[in-house]
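Subject: Structure for you to look at

Hello,

Here is the structure I said I would pass on. Please open it first and then read the notes below it.

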Amino acid sequence: MDRVLPGRVKEEWPPSPEEEDLAPRPMEGLHETGPPPFLTKTFDLVADPATDGVVSWGRAGNSFVVWDPHAFAAVLLPRFFKHNNFASFVRQLNTYLDGSRHRMKLQEPANLF
């Protein structure tokens, strides 16, 4: 056992090579940021095949269509978000879109084709 003199602290750092392998390390990816939760939840909502009758990907796969806004608001929004307000969902989605040319718009399904 090492002898420690009064008023002195035993030097423990840096650890020996054997101890270095056992030293705690930050988890990989801990400080990496991913997509905002709103976008992740929206993607999961649209990508779920069980919701295709209410909301689904557009033909090109780079947009989505809400086929039944009432069911979307009443049934799906509360499952993924803390509200059931379709207008609030659209407003929040628009904060992530690039300028006015990509804004969400309400259209009749017949006008989409």
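**How two of the helices pack**

H2 passes H4 in a left-handed crossing (left-handed if the near helix is turned anticlockwise from the far one by less than a right angle, right-handed if clockwise). Helices (H or I, at least four residues) and strands (E, at least two) are DSSP runs, numbered from the N terminus. The contact is made by Phe38, Leu39 and Thr42 on the H2 side and by Phe89, Gln92 and Leu93 on the H4 side, where contact means heavy atoms within 4.5 Å. Sorted by class, these residues are 4 nonpolar, 2 polar and no charged. Ala, Val, Leu, Ile, Met, Phe, Trp, Tyr, Cys and Pro count as nonpolar, Asp, Glu, Lys and Arg as charged, and the others, Gly among them, as polar.

Two packed helices are described by the angle between their axes and the distance between the axes. Here the axes of H2 (residues 37–47) and H4 (residues 86–94) come within 11 Å and cross at roughly 120°. That makes H2 oblique to H4. Angles under 35 degrees count as roughly parallel, over 145 as roughly antiparallel, 65 to 115 as roughly perpendicular and the rest as oblique. Axes are lines fitted to C-alpha atoms, for helices over the stretch in contact, and angles run from 0 to 180 degrees between N-to-C directions.

**Where the numbers come from**

This is a predicted model: local features need pLDDT of at least 70, side-chain atom pairs count only at pLDDT 80 or more, and totals for chains, interfaces and linings use all residues. Residues are numbered from 1 along each chain as its sequence is written, and side-chain values use heavy atoms, with hydrogens and water left out.

**The chain and its buried residues**

The chain has 4 helices and 2 strands, in the order α-α-β-β-α-α. Of its 113 residues, 21% are buried (under 20% relative accessible area; exposed is over 50%, partly exposed in between; 1.4 Å probe, protein chains only).

In helix H3 (residues 69–80), the buried residues are Ala71, Phe72, Ala73, Leu76 and Leu77. They pack against H2, strand E1 (55–57), E2 and H4.

Phe86 belongs to H4 and counts as buried because its relative accessibility is 14%. Its C-alpha atom is 5.3 Å from that of Ala73, 13 residues away in sequence.

Val65 lies in strand E2 (residues 64–66) and, at 14% relative accessibility, counts as buried.

Regards
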